[in-house]
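Please keep the sequence and the coordinates in view while reading.

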Amino acid sequence: MMGLYQGPRLLDFAKTPSHLQFNKYVLTGYRPVSTAQECLRSLFYMHNELGNIYSHGIPFFLFLVLLPFSIPWMEVDNVWICIVHYLACLSPTIGSVVYHVFMNHVGGEHVYDTLLSLDMFGVCLVNTLGAIPIIYITLLCYPTVQQTALLAYILLSAYGIYCATTARTNILRLRAFVWQGLFRFSLFLFRVYGSGVGSPNSLRLFVIMDSLAVLGGVVNIIQIPERFSPGLFDNWGNSHQIMHVMVICAIIYLHWGTLEDLAWIKSYQCPTE
Ligand SMILES: [Zn+2]
């Protein structure tokens with residue numbers, strides 16, 4: 001299909017609208033300004049957003065269909081934990097796909113900014129929803145602290161969502177996630193050095209998850225590898241696609257860690273004083 005349908009003539013960096021000139025090392029392959037229908041048609045020909053679309057589009061459908069089979073819906077006391085976790089795993093990919101498919105819409109910068117906020121909102125949701133089972137399990141034996149921490153985290157996340165969806169630069173966007181990251185890190189410390197509980201195997205998986213997410217964000221900001229060879233990575237292998245793959249790996253580690261904790265919680269009894 002990709003060979004049969006050539007698509008419209010693609011643009012060079014200098015010819016694209018200024019709000020789409022966010023990576024000066026990607027020189028060619030920009031889609032022209034398009035209607036929604038033309039944006040959808042761009043799923044079937046080569047251009048410099050195709051890798052971004054499919055690197056999150058394919059995992060979205062795989063997660064949507066496959067995750068329900070591995071989530072222990074009925075074996076957990078609170079089924080809402082499972083629902084929150086499932087939504088967490090799905091949210092960053094769907095927002096991202098919509099953003100990358102329609103970013104060159106004729107609506108211009110206003111539509112672009114709205115789509116970017118949607119993309120960031122998805123990342124905020126995986127941060128927020130993904131951490132809720134971790135908080136719930138870490139503080140399992142302290143119900144009052146547990147509920148206070150969940151509430152505090154949701155408020156902190158609302159602030160993070162506000163920052164991330166209104167930020168104007170990549171660095172400011174990353175900064176929006178720092179507070180949530182520090183909160184999770186303090187939970188990890190509480191598991192290791194305090195009275196936090198959880199599967200002995202899950203912490204390592206959550207640390208890998210956060211490391212992948214941070215590394216992905218950093219690669220995206222420093223624009224490696226295309227910075228060293230402008231034009232070579234226009235369609236494949238540039239920093240944004242590397243970040244996309246790291247985000248998918250981070251979600252898989254989140255899923256593994258949460259499964260460990262949910263399996264562990266079944267047989268755990270909090271010590272009674
Ligand atoms: Zn993206």
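Is His244 buried or exposed? His244 is buried, because 23 C-beta neighbours lie inside 10 Å; the term requires 20 or more other C-beta atoms within 10 Å of the residue's own, with exposed meaning 12 or fewer, partly exposed in between, and C-beta atoms placed from the backbone. The model is predicted: local features need pLDDT of at least 70, side-chain atom pairs count only at pLDDT 80 or more, and totals for chains, interfaces and linings use all residues. Residues are numbered from 1 along each chain as its sequence is written.

His244 is part of helix α9 (residues 239-265), helices being DSSP runs of H or I with at least four residues, numbered from the N terminus. Beyond four places in sequence, His244 contacts Asn52, Ser55 and His56, where contact means C-beta atoms, placed from the backbone, within 7 Å.

His100 belongs to helix α3 (residues 79-102) and is likewise buried, with 24 other C-beta atoms within 10 Å. Residues up to four places away aside, His100 touches Glu49, Asn52 and Ile53.

An unreviewed UniProt entry annotates His100, His240 and His244 as "binding site". They span 145 residues in sequence, yet no two of their C-alpha atoms are more than 11.5 Å apart, so they gather at one spot. Such annotations may be inferred rather than shown by experiment.

Elsewhere, helix α7 (residues 178-193) and helix α8 (residues 202-222) have axes that come within 11 Å and cross at roughly 160°. The two are therefore roughly antiparallel, a label for angles over 145 degrees, taken from 0 to 180 degrees between N-to-C directions of lines fitted to C-alpha atoms over the stretch in contact. Gly181, Arg184, Phe188 and Arg191 of α7 meet Leu203, Phe206, Val207 and Asp210 of α8.

Terms used:
Two residues are in contact if their C-beta atoms, placed from the backbone, lie within 7 Å. Angles under 35 degrees count as roughly parallel, over 145 as roughly antiparallel, 65 to 115 as roughly perpendicular and the rest as oblique.
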